[in-house]
Amino acid sequence: AAAELGPYRHYMQKEIFEQPRAVSDTLQDIESITPELFGDEAFGIFKSIDRILILACGTSYYAGLTARYWIESIAGIPVNVEIASEYRYRDSVPDPRSLVVTISQSGETADTLAALKHARKLGMENTLTICNVATSDMVRECRLAYITRAGAEIGVASTKAFTTQLAGLFLLSLALADVRGRLTPEQEAKHLKALRHLPSAISAVLALEPQIMAWADRFATKENALFLGRGLHYPIALEGALKLKEISYIHAEAYPAGELKHGPLALVTEHMPVVTIAPNDELLEKLKSNMQEVHARGGELYVFADADTRISGGDGIHVIRMPEHYGRLSPLLHTIPLQLLAYHTACVRGTDVDKPRNLAKSVTVE
Ligand code: G6P
């Protein structure tokens, strides 16, 4: 195993650092956005649907939540995202004109497979999966598929599978937009350029590791943490909190920053680190006032701020500077430092990073 790990201490760290390669392989050498990227029948299916139902578990569910923002804004199609184990057991109102999208690293998660079958039984025959294992049951069971090329993921806490799912889901948003005549050649060229540049943009973020390690030393002494994001980055806050709890066993929760005043502000004291995702998007000013709400109550802010946000460090506010804002693909960049923060915090605490207690890599029984 030592040879396989190379310079890394754990598979999780190795897999975090593989992300430029994993994303690049997943995007292959896509030269244009076409529905056929998802299968031969994709054009007809994409034309015939008028809503989307995304089903997944765990980290894959958070990829689905991110995709909702993309699909609704880029393709203009209404999206519902559900946790597979909830969907399969509740009464829902099926719409045969739905595209059912499952997201799964392993392609063998029992709840996600059962949710897919449940949807089909309700009459929804248009199925697509974003999956990392081409030979899995999930891929066999769906009419359309996009195979992510993360490669084998060994660490129980998902990292490179997540970013490659996001890449696949962004392509799906563009392909759906294209079929609906919502993607001009100029927009297509702009998106393709941003996608091609992603691996090097991810590498630039990975270079922040030493700064994040310094934060991890402080996090390791805490028992609680709050993660804040807004819009597209709210699911990234959820994923950041999940990573921290899974491997460092620190209780963490994520909130959309605008919801702070409806509860979590009551938890804020100088003992509560508040990790804030601060992209330079249209919600920046709103986010800054949310940060002020935390600061005024003595909360300790740890902010991942895009270069041009004019957020600076000071008393009770620590800042790690991210590169320039990366537009709609920004979630792929902002998730990386949160993976590193969870990873290094767990290392300081001495937990079993690649095999956290009570968790399994894929949950093939209910
Ligand atoms: C387990 C893993 C998670 C993963 C989830 C869903 O809980 O520990 O990392 O996100 O299963 O797995 P899937 O293979 O369906 O993406």
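Me: Where does Arg310 lie?
Reply: Arg310 is in the loop between strand E9 (300–306) and E10. Please bear in mind that this is a predicted model.

Me: Is Arg310 buried or exposed, and why?
Reply: Arg310 is exposed, because 10 other C-beta atoms lie within 10 Å, and a residue counts as exposed if it has 12 or fewer.

Me: What about the phi of Arg310?
Reply: Phi of Arg310 is near 55 degrees, which is a positive value in a residue other than glycine.

Me: And what is the phi of Tyr249?
Reply: Tyr249 is not a glycine, yet it has a positive phi of about 65 degrees. Tyr249 sits in the loop between H12 and E7.

Me: How exposed is Tyr249?
Reply: Tyr249 counts as partly exposed, because it has 15 C-beta neighbours inside 10 Å.

Me: Let us turn to the sheet. In what order do the strands come?
Reply: The open sheet has 5 strands in the order E7-E6-E8-E9-E10, and their pairing is parallel. Strand E7 (251–256) and strand E10 (317–322) are the edge strands, each pairing on one side only. From one strand to the next, the twist averages 20 degrees.

Me: Which helix packs on the sheet?
Reply: Helix H12 (residues 234–248) packs on the sheet and touches E6, E7 and strand E8 (273–278). The direction of H12 makes about 175 degrees with that of E7.

Me: How many bridges join E6 to E7?
Reply: Strand E6 (residues 224–229) is joined to E7 by 6 bridges, and the two run parallel. One example is Asn224, whose bridge partner in E7 is His251.

Me: New topic: which residues are closest to the ligand?
Reply: The closest are Gly58, Thr59, Ser104, Ser106 and Thr109, and 16 residues surround the ligand. Helix H5 (residues 58–75) supplies the largest share of this shell, with 3 residues.

Me: What is the shell like by class?
Reply: The shell around the ligand has 5 nonpolar, 10 polar and 1 charged residues.

Me: How many residues are in the largest nonpolar core?
Reply: The largest nonpolar core has 116 residues. Those that touch the most other members are Ile54, Leu55, Ile71, Ala175, Leu176, Phe227 and Ala237. Helix H9 (residues 160–179) gives the most to this core, with 13 residues.

Me: Why would nonpolar side chains be buried together?
Reply: In soluble globular proteins, nonpolar side chains generally tend to be buried together.

Me: What does Leu55 touch?
Reply: Leaving out residues up to four places away in sequence, Leu55 touches Glu82, Ala84, Tyr87, Val100, Thr102, Thr112, Ala115 and Leu116.

How values were computed:
Residues are numbered from 1 along each chain as its sequence is written. This is a predicted model: local features need pLDDT of at least 70, side-chain atom pairs count only at pLDDT 80 or more; totals for chains, interfaces and linings use all residues. Two strands pair if DSSP finds at least two bridges between them. Helices (H or I, at least four residues) and strands (E, at least two) are DSSP runs, numbered from the N terminus. Axes are lines fitted to C-alpha atoms, for helices over the stretch in contact, and angles run from 0 to 180 degrees between N-to-C directions. Two residues are in contact if their C-beta atoms, placed from the backbone, lie within 7 Å. A residue is near a molecule or strand if its C-beta atom, placed from the backbone, lies within 6 Å of it. Ala, Val, Leu, Ile, Met, Phe, Trp, Tyr, Cys and Pro count as nonpolar, Asp, Glu, Lys and Arg as charged, and the others, Gly among them, as polar. A nonpolar core is a set of buried Ala, Val, Leu, Ile, Met, Phe, Trp, Tyr and Cys residues joined through C-beta atoms within 7 Å. A residue is buried if 20 or more other C-beta atoms lie within 10 Å of its own, exposed if 12 or fewer, and partly exposed in between; C-beta atoms are placed from the backbone.
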